Amino acid sequence: MIEAGLTSGHDTEQIVVRAEGNMASDMNGEKVMFSTRTGKYYNLGAVGGRIWDLIAEPIDIGRLVDTLASEYEVEREMCEREALAFLRQMYRESLIEVRPS
Amino acid sequence: MAKQQWQTPELETLNVSETMYG
């Protein structure tokens with residue numbers, strides 16, 4: 001149900017935050033993480049690592065996208081679309097929690 | 001301040017041997 005929300009027109013009003021039980025570290029400019037929930041290791045990459053930093057505290061997706069668009073050379077629409085796709089991937093792996101605003 | 005280059009964020013699942021030993 002929440003994932004469906006991430007694909008709706010109101011997705012940028014939702015709040016995302018890291019889920020508990022993940023250990024992350026920087027490796028060659030990319031963020032590598034271990035999830036105690038899934039028992040898997042993940043590479044979030046450089047931009048994914050920045051997203052991970054930004055969701056240390058609850059943040060609404062619109063503000064998250066605004067911050068990314070101000071820091072990176074990218075059109076806001078593309079930034080939002082690709083950031084949402086990444087958040088969906090993380091949600092499916094139980095790496096984040098999504099809450100209504 | 002110059003903006004950084006955007007790369008599509010992807011969640012890559014690693015296997016342990018890749019993570020620990022290259």
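Residues are numbered from 1 along each chain as its sequence is written, while chains are lettered from A and ligands numbered from 1 in the order in which they are written. Because this is a predicted model, local features need pLDDT of at least 70 and side-chain atom pairs count only at pLDDT 80 or more, whereas totals for chains, interfaces and linings use all residues.

**View 1. Chain A at a glance.** Reading from the N terminus, the elements follow the pattern α-β-β-β-β-α-β-α-β-α-β. Of the 101 residues in chain A, 27% are buried; a residue is buried if 20 or more other C-beta atoms lie within 10 Å of its own, exposed if 12 or fewer, and partly exposed in between, with C-beta atoms placed from the backbone. Among contacts in chain A with a separation of 6 or more, 56% join residues 24 or more positions apart. Two residues are in contact if their C-beta atoms, placed from the backbone, lie within 7 Å.

**View 2. The open sheet of 3 strands in chain A.** The strand order here is β5-β1-β7, with antiparallel pairing; two strands pair if DSSP finds at least two bridges between them. β5 (59-60) and β7 of chain A are the edge strands, each with a single partner strand, so one side of each has no neighbour in the sheet. Strand β1 (residues 15-18) of chain A is linked to β7(A) by 4 bridges, and Arg18(A) has Ile96(A) as its bridge partner in β7(A). Look next at the two faces of β7 (residues 96-99) of chain A: Ile96(A) and Val98(A) lie on the covered face, Glu97(A) and Arg99(A) on the uncovered one. As a reminder, in a regular strand the side chains alternate between the two faces of the sheet.

View 3. β2(A) and β3(A) are joined by 6 bridges, with Asp26(A) opposite Lys31(A) in β3(A). Where the chains meet, β4(A) and β2(B) pair over 3 bridges, and Tyr42(A) has Thr13(B) as its bridge partner in β2(B).

**View 4. Around Phe86(A).** This residue lies in helix α4 of chain A and counts as buried because it has 21 C-beta neighbours inside 10 Å. Leaving aside neighbours within four places in sequence, Phe86(A) is in contact with Gly48(A), Ile51(A), Pro9(B) and Leu11(B). Phe86(A) and Ile51(A) are 35 residues apart in sequence, yet their C-alpha atoms are 9.2 Å apart.

**View 5. The largest nonpolar core.** Of its 22 residues, Val16(A), Leu64(A), Ala83(A) and Ile96(A) touch the most other members; such a core is a set of buried Ala, Val, Leu, Ile, Met, Phe, Trp, Tyr and Cys residues joined through C-beta atoms within 7 Å. At least two residues each come from β3, β4, α2, α3 (61-71), α4 and β7 of chain A, and α4(A) gives the most, with 5 residues. Beyond neighbours within four places in sequence, Leu64(A) is in contact with Val16(A), Leu54(A), Ile55(A), Ile59(A) and Ala83(A).

**View 6. Where chain B touches chain A.** Here 14 residues of chain B are in contact with 21 residues of chain A. On the chain B side, the elements giving two or more residues are β1 (4-5), β2 (12-14) and α1 (16-21), and β2(B) gives the most, with 3 residues.
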